[in-house]
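Have the viewer open as you read.

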Amino acid sequence: MRLGPRPAALGLLLLLLCAPAAGAGDAQGEHRTDYDREALLGGQEEVDEYVKLTPEEQQKRLKSIVKKIDLDSDGFLTESELSSWIQMSFKHYAMQEAKQQFVEYDKNSDGSVSWDEYNIQMYDRVIDFDENTALDDAEEESFRQLHLKDKKRFEKANKDSDPGLNLEEFIAFEHPEEVDYMTEFVIEEALEEHDKNGDGFVSLEEFLGDYRRDPANEDPEWILVEKDRFLSDYDKDADGRLDPQELLSWVVPNNQGIAQEEALHLIDEMDLNNDRKLSEAEILENQDLFLTSEATDYGRQLHDEYFYHDEL
């Protein structure tokens, strides 16, 4: 089991969808390129499009992508360049997804998504809960709480006096972690969710949530893992609690860490002369591996002119 922020904000964790699920593919969690291409290109339609490209066209577009990753144009891809490119790719596709959602949510096509339109798209009806009246049924009350938090995030994303969200505001609603003016809200919401004693910090006990240690037994493995994450990854000043900035590193998807891990993996697997960087020749030698990695979003970038077009 792995702890993380519970879904107080439905849009907060959307960027994680850009990363492959652990163990995806088969029962042993081994890497399966056929699974990656279908699940991570976005579906069978994208896989079919990938197959249609001739080897020559695949290589041409791949070379163009490699050139764009190579920021200093020295003919080699470093860990830093690969990591930066992967992070940019994550953000690009998250923004593209939000733009597509905006069109779907904007029922009357007036360039704005109202709270009622959001409800209709999400739940097929307009839902209105009383903020001050709890429900007796536990599941219904849990949903009420989530819905009210969604509404609060919707209102925070709305910067102007108009009742609905324009595209920029809708992106802030769906991806508050990507927008500066939503940072304070993300922290406030996380504190509201996890800071049980109201001291403005999240202790280890609050981080672990509802877990209660049994003195008669040792902590299970997953608890040991989570304690290590708290101490090693988040509590930077080692004071035994997470301040607002440390809390932000927990509740916001760590795409930087994911990108760095993937960059290191690619170099480990593809660096034939052990110089800790990749030449175009090394990439072409391991083309299949590169096309089933996050560096090309599992080949998806070969079909997106934003990435391979020479003029972009």
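**Around helix α10**

The buried residues of α10 are covered by elements that include β2 (202-203), α9 (204-207), β3 (241-242) and α11 (244-251). Keep in mind that this is a predicted model. The protein chain averages a pLDDT of 80.

**The helix itself**
- Helix α10 takes in residues 221-234, and at 1.5 Å a residue its 14 residues should span 20 Å; the end C-alpha atoms sit 19 Å apart, so the two agree.
- I223, E226, R229, F230 and Y234 are the buried ones in α10.
- Those residues cover an arc of only 115 degrees around the axis, which means they lie on the same side of α10.

**Nonpolar cores**
- The largest nonpolar core is made of 18 residues, and F207, L242, L247, W250 and V251 have the most contacts inside it.
- Two or more residues of this core come from each of α8 (183-194), α9, α10 and α11.
- Another core, of 15 residues, lies apart from that one; V66, A263, L266 and L291 are among its members.
- As background, nonpolar side chains tend to be buried together in soluble globular proteins.

**Confidence**
- Of the residues, 77% score at least 70 in pLDDT.
- Over residues 1-43 the pLDDT stays under 50.

Terms used:
Residues are numbered from 1 along each chain as its sequence is written. Side-chain values use heavy atoms; hydrogens and water are left out. Helices (H or I, at least four residues) and strands (E, at least two) are DSSP runs, numbered from the N terminus. The expected span of a helix is 1.5 Å times one less than its number of residues. Buried means under 20% relative accessible area, exposed over 50%, partly exposed in between (1.4 Å probe, protein chains only). The arc is that of the directions from the helix axis to the C-beta atoms. Contact means heavy atoms within 4.5 Å. A nonpolar core is a set of buried Ala, Val, Leu, Ile, Met, Phe, Trp, Tyr and Cys residues joined through side-chain atoms within 4.5 Å. pLDDT is the predictor's confidence in each residue, from 0 to 100.
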